[in-house]
Amino acid sequence: MTGRSEKTVTAKVLVVGGGPGGYVAAIRAGQLGLDTVLVEADRLGGTCLIRGCIPSKALIHVAGRFEAMGQSVGDGRFGIALDTPPRLDLAAAVRWKDGIVDRLSGGVAALLRKAKVRVLRGWAVFSDAKTCTVQGSEGPLIVRAEHVILATGSEPVPLPALPFGGPVLSSTEALSLDRLPRRLAVVGGGYIGLELGSAFAKMGSTVTVVEAQPRILPLYDAALTDPVRRWLERAGVTLHLGARALGMEVGGDGQALVVQTADGGTIRLPADAVLSTVGRRPRLEGWGFETMGVDRRGGFVAVDDQCRTSMRNVWAIGDLVGEPMLAHKASAQGEMVAEIIAGHRRRFAPAAIPAVCFTEPEIVSVGLSPSEASAQGIDAIVDQFPFAANGRALTLDAGESGFVRLVARRDDRRVIGIQAVGAHVSELSGEFALALEMGAELEDVAGTIHAHPTLGEVFHEAALRLLGRPLHL
């Protein structure tokens with residue numbers, strides 16, 4: 001008989017998955033003195049850091065810089081002129097992006113070491129709710145734990161007619177291209193498709209978006225998405241709404257995406273690459289979830305307001321447990337679970353979880369929209385203040401169509417929702433979320449002195465306007 005015998009590792013806490021939920025849970029557990037093991041088959045940082053949020057924002061930044069330089073050719077803008085057009089080396093931009101990812105992933109590893117978390121590299125497969133075998137470079141390890149935190153994240157969903165491979169890319173492959181596709185078809189007009197589609201349009205690709213719903217970004221209301229739609233049209237991005245991708249075919253003009261249009265007709269969209277971004281699903285296969293005796297709710301793991309599953313001392317966080325599938329939600333849940341295991345009294349009941357869309361312009365939504373408040377039977381008052389009346393927005397050349405909108409209860413003037421669209425509004429999301437989490441009333445926002453000149457003044461003015469006393473409009 002050959003081979004190495006299996007070794008056994010025991011721990012108070014076993015975290016499966018090193019993404020923003022898992023690594024935060026492990027770090028906090030280690031800080032609290034809990035003997036913690038984290039298992040990760042890939043690099044530390046998970047989808048968000050390695051192939052999602054961070055790399056996409058890096059390339060979005062590159063695209064914005066390239067577009068701005070291109071606008072300075074000839075007569076230029078702002079008194080800046082270039083004699084020749086800029087040149088984009090996408091491979092070099094990807095190397096720069098990869099450097100950021102490497103730095104952050106290494107930082108996560110250092111933080112885990114500092115918290116005395118044992119990291120096992122390999123794929124975990126559970127044989128029961130508290131026992132898994134990790135297949136790594138050191139051979140198989142059996143890990144047994146008193147508490148298990150499931151943080152395996154999510155994965156892109158392929159369309160049956162457009163399986164990933166060849167010219168059909170998920171966001172992962174799109175973020176690692178070394179050459180710019182001359183013609184890019186984006187299937188899915190949600191935030192992932194439009195963020196990346198906008199970036200490729202800025203870098204010079206001819207971009208076409210195919211969306212099954214009658215409008216882009218269907219999770220946001222039209223007032224927020226109209227400025228994005230107008231930018232896409234100005235940038236030459238073609239939108240096919242109410243349309244459905246049927247598959248790829250090769251003809252005399254090369255490969256093309258076949259699309260059924262809203263009127264029932266069929267068109268061919270020649271494309272060097274197709275970016276498919278129709279959604280994500282929890283990663284529940286391949287690691288023994290079915291052996292754990294854990295209940296599901298629809299396609300997700302069922303949890304309570306402490307992220308407890310139906311199995312004692314088995315917890316689940318992040319994308320596994322449902323919408324919103326956002327990194328910051330996963331991190332908050334991971335921190336909470338570690339503290340509950342350590343004996344703290346916690347539950348997951350945020351007043352709001354901010355959602356940010358890094359399109360052109362950016363969109364932020366926190367709390368209830370006007371229609372959501374109405375659907376819940378809340379008597380709300382709503383008003384907004386435009387960036388066109390804000391000095392800082394004008395100095396950033398960002399005052400064209402943005403605004404901040406407030407939703408408040410009519411009776412006690414408590415703020416229950418904040419939405420904004422405009423350049424750099426993602427940086428206001430923390431202030432918006434804090435206002436809702438602290439139960440701010442309109443008078444609280446109106447009574448807070450905001451620095452001048454900043455975009456945050458628009459939040460202040462929106463509150464003043466809803467109170468009937470705007471100063472700069």
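Modeller: Gladly, and keep in mind that this model is predicted. Let's begin with a pair of residues across two strands: Arg-244 has Gln-260 in β13 as its bridge partner.

Biologist: How many bridges join β12 to β13, and do these strands run parallel or antiparallel?

Modeller: Strand β12 covers residues 244–251 and strand β13 covers residues 254–260; they run antiparallel and are joined by seven bridges. The link from β12 to β13 is a hairpin through two residues.

Biologist: Which strand does β13 pair with through five bridges?

Modeller: That is β14, residues 266–270, which runs antiparallel to β13. For a point to find on screen, take Val-259, whose bridge partner in β14 is Ile-267. β13 and β14 also form a hairpin, this one with five residues between them. Look in that turn for Gly-264, where phi is positive, at about 90°.

Biologist: Now for the empty space. How does one look for it?

Modeller: The general idea is to roll a probe the size of a water molecule over the atoms, which shows where empty space is left. Here, searching the whole structure gives one cavity of 30 Å³ or more. The volume of the largest cavity is about 60 Å³.

Biologist: Which residues line the largest cavity?

Modeller: Its lining consists of Pro-156, Ser-170, Ser-171, Ile-192, Ser-276, Thr-277, Val-278, Gly-279 and Arg-280.

Biologist: And how many residues of that lining are nonpolar, polar or charged?

Modeller: The lining of the largest cavity has five polar residues, three nonpolar and one charged.

Notes. Residues numbered from 1 in each chain as written. Predicted model: local features only at pLDDT ≥ 70, side-chain atom pairs only at ≥ 80, totals over all residues. Heavy atoms only, no water. 1 Å grid on protein atoms, 1.4 Å probe; cavity = no way out; pocket = protein on both sides within 12 Å on 5 of 7 lines; lining within 4 Å. Points joined across faces, edges and corners; volume = space filled by probe spheres on them. Nonpolar A, V, L, I, M, F, W, Y, C, P; charged D, E, K, R; others polar. Pairing = 2+ DSSP bridges. Helix = DSSP H or I, 4+ residues; strand = E, 2+ residues; numbered from the N terminus.
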